[in-house]
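Keep the picture open while you read.

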Amino acid sequence: MKRFTAALLVTGLALAHQPLHAAARVTVAHFAPFADTIEGTAVDIAINGNVELTDVVFKQYTDYITFDAGTYTIDVRLAGTETVAITGEFMLEDDNDYTVYATGDGNKQDLVLNALLDNTTMPDTDMLNLRIVHAAPFAADEAATEVSIRTAAGDLVNGLTGVPYGGQSGFFPVPAGTYDLKITNNDGTINYIDILPVELPPGADVTVFAIGDAMNQPLAVMALPVGELPTREPVDNRANGMWTVLNTSGFGFSLQPMPAQNRLVGNWYQPD
């Protein structure tokens, strides 16, 4: 029970499809950015009153842990204290896999424990199962948290637009291959998170979590069961316009963002 898995930078995803077992299995993840340092996010996790995991910090998660069927109370306590920050009660059933994850920053969004049922069917040949979860509390108003999931070229993935904080897609099949994805506002003009290209192999079950609140902790992407996915600085409309070089005659440059393509085009101009 004491083991947990630190987030790892990766460039590919390993096969993740697991057969179900007689007992219930649970992954526990800490995706609640409630402090502005990683050390400040440290928590202990008690199950039915017994502390089983200690000093778990933001972005960390466990391997699958086996439980007998039944009802369990999970308390998330500030590390080394009896102070309960989050609590939840969960009914676990045999032959089911679950992900229980903490979200919220305690400011814009409340701290809560969430549960996902991880059961899914084996994908067809050359396919994998993908699930997207919006767990990034970067705004207080639900409409302001809405995002879309797009390719680098700006195309929607599985029609996922208007996804609010707390929303999740459920598993859907996609062809195996290399994906260059980003998380944007609804119309794709503002990039929030731009994920570097990643190889998605056939037969995998992958859950992608958007996390961070852009204040205490930066926006990031966790792909369970693999770890943190590397990202690039996204292009948006903040750098846009024309500038003249001081103390010159007609020299300057312009910048034109192309967020849908994640490109920033610059031009230098000077007199003939």
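Asn48 is partly exposed, with a relative accessible area of 42%; buried means under 20%, exposed over 50%, and partly exposed in between, using a 1.4 Å probe and protein chains only. You'll find Asn48 in the loop between β2 (43-47) and β3 (50-56), where strands are DSSP runs of E with at least two residues, numbered from the N terminus. Before going on, note that this is a predicted model: local features need pLDDT of at least 70, side-chain atom pairs count only at pLDDT 80 or more, and totals for chains, interfaces and linings use all residues. Residues are numbered from 1 along each chain as its sequence is written, and side-chain values use heavy atoms, with hydrogens and water left out.

| Residue | Phi | Loop |
|---|---|---|
| Asp95 | about 65 degrees | between β6 (84-92) and β7 (97-103) |

There's a cis peptide bond too, running from Leu224 to Pro225, with omega near 15 degrees. Pro225 sits in the loop between β17 (220-224) and β18 (227-228).

Back to Asp95: with a relative accessible area of 40%, Asp95 is partly exposed.

Now for the rings. How many aromatic pairs does the structure hold? There are four, where rings of Phe, Tyr and Trp (its six-membered ring) pair if their centres lie within 6.5 Å; planes under 30 degrees apart count as stacked, over 60 as edge-to-face and the rest as tilted. One of them joins Phe31 and Phe209, a tilted pair at 4.9 Å centre to centre with 50 degrees between the planes. Phe31 lies in the loop between β1 (24-30) and β2, and Phe209 in strand β16 (residues 205-211), so the pair ties together parts 178 residues apart in sequence. Finally, Phe31, Tyr101 and Phe209 make up one aromatic cluster.

Note on methods. Helices (H or I, at least four residues) and strands (E, at least two) are DSSP runs, numbered from the N terminus.
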